[in-house]
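Biologist: I am new to this structure and would like to learn how to read it. Could we go through it together?

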Amino acid sequence: MPENLFVYGISTDLDSGVLAGFKGLRGCPVDVVHAGRLCAVVSALRPDDVPSQRPSQDDALAWNAVLEAVHRSAPVLPASFGLVASSTGEVLALIERSA
């Protein structure tokens, strides 16, 4: 079954603790998928919580809040809003393509 990992962006040298307890899109916890020095900032969404490509105001504000929190600690390259990976493996492939 797909994981529905909403991708906020790609960062480098991000300490996962920076986002401990942080809530992102639809109130879901924010997590970090590491691949060497690069990482993706993600939230696992329930299938019915996957947003459309046109974000609601609440979704856009949550997306921006996560990116701002990351940016306070490390550089971040935002992903296009609505980028959802179906597995951790797909997120890792995205990170590798971004390297």
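Modeller: Gladly! Buried means under 20% relative accessible area, exposed over 50%, and partly exposed in between (1.4 Å probe, protein chains only). This is a predicted model, where local features need pLDDT of at least 70, side-chain atom pairs count only at pLDDT 80 or more, and totals for chains, interfaces and linings use all residues. Residues are numbered from 1 along each chain as its sequence is written, and side-chain values use heavy atoms, with hydrogens and water left out.

Biologist: Is Gln53 buried or exposed?

Modeller: Gln53 has a relative accessible area of 57%, so Gln53 is exposed.

Biologist: Which residues does Gln53 touch, not counting those up to four places away in sequence?

Modeller: Contact means heavy atoms within 4.5 Å. By that rule, Gln53 touches Phe81 and Gly82.

Biologist: How do I read a salt bridge?

Modeller: Look for a side-chain nitrogen of Lys or Arg within 4 Å of a carboxyl oxygen of Asp or Glu. The whole structure has 4 salt bridges. In one of them, Arg26 pairs with Asp49, with the closest N and O atoms 3.9 Å apart.

Biologist: Why does Asp49 count as buried?

Modeller: Because its relative accessibility is 11%. Arg26, at 35%, counts as partly exposed.
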